[in-house]
Amino acid sequence: AAAAAAATEAEASAQHTEVSTKVAAASSTVQKCKVSLERLRNEQDDAKGGLAEDEREMEGLMGKRAALQAKREGLQRKIRELGSLPSDAFERYRGKALKGLHSLLGKTNEQLGTLGHVNKKALDQYQQFTEQREALEIRRGELDKAYSKIKELMNYLDQKKDEA
């Protein structure tokens with residue numbers, strides 16, 4: 001019986017050692033998982049903080065965009081209220097200094113104040129007709145050149161006919 005008890009004790013001791021080893025391994029794994037979980041939570045908190053910062057920045061940019069769109073619409077409305085612009089209006093003033101444009105605008109507004117009684121529609125039509133007149137004058141020059149060439153050809157052909 002003592003031998004059986006010794007064998008049972010040895011077996012129990014071996015099982016105890018095996019279980020102690022498994023518990024130690026499991027404790028080590030649990031500790032590693034806790035460290036990994038803490039690291040992942042920190043990364044998640046950092047990501048949340050970055051996302052919140054990005055959201056604030058996005059809201060600021062959207063507000064700025066809305067303000068710029070409102071300003072653009074206001075400026076477009078003012079341009080429409082001016083009426084028609086000369087065809088070279090944008091090219092003539094492109095690249096000029098803002099201060100110079102403001103002073104020119106002030107002078108122009110003063111001059112417009114003296115012409116307050118003039119019909120804007122008539123002014124628009126005058127500008128349009130002036131441009132058409134210039135185009136027609138160019139066309140007339142082209143037609144005059146063509147007419148002279150045709151006359152030359154007719155004289156040449158008459159000459160050839162007379163010679164033959």
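Buried residues (under 20% relative accessible area, with exposed over 50% and partly exposed in between; 1.4 Å probe, protein chains only) make up 2% of the 164 residues in the chain. The accessible surface (Shrake-Rupley method, 1.4 Å probe; for residues, only the protein chains shown count as cover) comes to about 15000 Å². Carbon and sulfur atoms account for 59% of that surface.

The model is predicted: local features need pLDDT of at least 70, side-chain atom pairs count only at pLDDT 80 or more, and totals for chains, interfaces and linings use all residues. Residues are numbered from 1 along each chain as its sequence is written, and side-chain values use heavy atoms, without hydrogens and water. Mean pLDDT (the predictor's confidence in each residue, from 0 to 100) is 89 for the chain. A value of 70 or more is reached by 95% of residues.

The chain holds four helices and zero strands (DSSP runs numbered from the N terminus; helices are H or I, at least four residues, and strands E, at least two). Its radius of gyration is 47 Å, well over the 15 Å from the globule rule for 164 residues, so the chain is more spread out than a compact globule. The radius is taken over C-alpha atoms, and the rule is 2.2 Å times the number of residues to the power 0.38. Along the principal axes, the C-alpha atoms fill a box of roughly 155 × 65 × 25 Å.

Confidence is highest in helix 1 (residues 2-82), at a mean of 93. Confidence is lowest in helix 2 (residues 89-93), at 75.

Tyrosine 156 lies in helix 4 (residues 120-163). Tyrosine 156 is partly exposed, at 44% relative accessible area.
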